[in-house]
Amino acid sequence: MAAATVEIGKVAISVRLSFDGDLYACRRQPGVVERMEAEALDLLSKGLFVSGIDTPVASVTAAAGHRFVQESAVFRPPGSWVYRGTCWVGAGRNGLTLTGLLGYCLEVRAKWAMRAGECGPPETATEWCELFGTQLASIGGVVLRRASVLSLGTPP
């Protein structure tokens, strides 16, 4: 759905956010379904911002005011944390309204950048935090951009 990549110091970081579930979309004036789907994705992904990726409780916010509630965080060796939770969507723009409750998955991957030399990947969550925590904390936050594209005929 949305993603960002950044390299800071000796660490390359990728952040991906995906949603699962159904949304109710309503448009005041009828329009082309494919255009409505694209506009819905734009509205859902507008202003997505992730912070706290150096902590067990990452924060996800959106310009449209979606409410994200994290339910779990799991370390997946050698270099990723996967945060899962729910997202309440209640947003509107230009006559389009989205409402619903979605599941979300936020994956934060960190790995040594090419210039890091001989360092090996971490094997535990503690090692991961020790190796990447300072670099991740220095980021503060990441703005995500919509990464998915709908093709014509995609079912709603």
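Visitor: Why does Cys105 count as buried?
Guide: This is a predicted model, in which local features need pLDDT of at least 70 and side-chain atom pairs count only at pLDDT 80 or more, while totals for chains, interfaces and linings use all residues. Residues are numbered from 1 along each chain as its sequence is written, and side-chain values use heavy atoms, with hydrogens and water left out. The relative accessibility of Cys105 is 14%; buried means under 20% relative accessible area, exposed over 50%, and partly exposed in between (1.4 Å probe, protein chains only). Cys105 therefore counts as buried.

Visitor: What makes Cys87 buried?
Guide: Its relative accessible area is 0%, which falls under the 20% limit. Across the protein chain, 38% of the 156 residues count as buried.

Visitor: How many disulfides does a search of the whole structure find?
Guide: The search finds zero. A disulfide would require a pair of cysteine sulfur atoms within 2.5 Å.

Visitor: Why is Leu101 called exposed?
Guide: Leu101 has a relative accessibility of 52%, and the limit for exposed is over 50%, so the term applies. Leu101 lies in strand E8.

Visitor: What does Leu101 touch, not counting residues up to four places away in sequence?
Guide: Leu101 touches Asp22, Thr86, Cys87 and Trp88, where contact means heavy atoms within 4.5 Å. The C-alpha atoms of Leu101 and Asp22 are separated by 7.3 Å, although these residues are 79 apart along the chain. For the protein chain, 62% of the contacts between residues at least 6 apart in sequence join residues at least 24 apart.

Visitor: Why is Ser80 called buried?
Guide: A relative accessible area of 8% places Ser80 under the 20% limit, so Ser80 is buried. Ser80 belongs to strand E7, residues 80–93. Apart from neighbours within four places in sequence, Ser80 is in contact with Val74, Phe75, Glu107, Val108, Arg109 and Trp128.

Visitor: Which residues of the largest nonpolar core touch the most other members?
Guide: Of its 39 residues, these are Ile13, Leu17, Phe19, Phe68, Leu106 and Leu144. A nonpolar core is a set of buried Ala, Val, Leu, Ile, Met, Phe, Trp, Tyr and Cys residues joined through side-chain atoms within 4.5 Å. E8 gives the most to this core, with eight residues. Leaving out residues up to four places away in sequence, Leu106 touches Val15, Arg16, Leu17, Val50, Ala58, Val60, Trp81, Val82 and Tyr83.

Visitor: How many bridges join E6 to E7?
Guide: Nine bridges join these antiparallel strands. Two strands pair if DSSP finds at least two bridges between them, so E6 and E7 count as paired. Arg67 has Trp88 in E7 as its bridge partner, and the two strands form a hairpin with three residues between them.

Visitor: Over how many bridges do E7 and E8 pair?
Guide: They pair over 14 bridges in the antiparallel sense, with Val89 opposite Gly100 in E8. Their hairpin has two residues between the strands, and in it Asn94 takes a positive phi near 50°.

Visitor: Why do strand E5 and strand E9 stand at the edges?
Guide: The open sheet of three strands has the order E5-E4-E9, with antiparallel pairing. E5 (59–61) and E9 (141–143) each have a single partner strand, so one side of each is left without a neighbour in the sheet. Strand E4 (residues 49–51) pairs with E9 over three bridges, and Phe49 stands opposite Val143 in E9.

Visitor: How many helices and strands does the protein chain have?
Guide: It has two helices and 10 strands. Helices (H or I, at least four residues) and strands (E, at least two) are DSSP runs, numbered from the N terminus.
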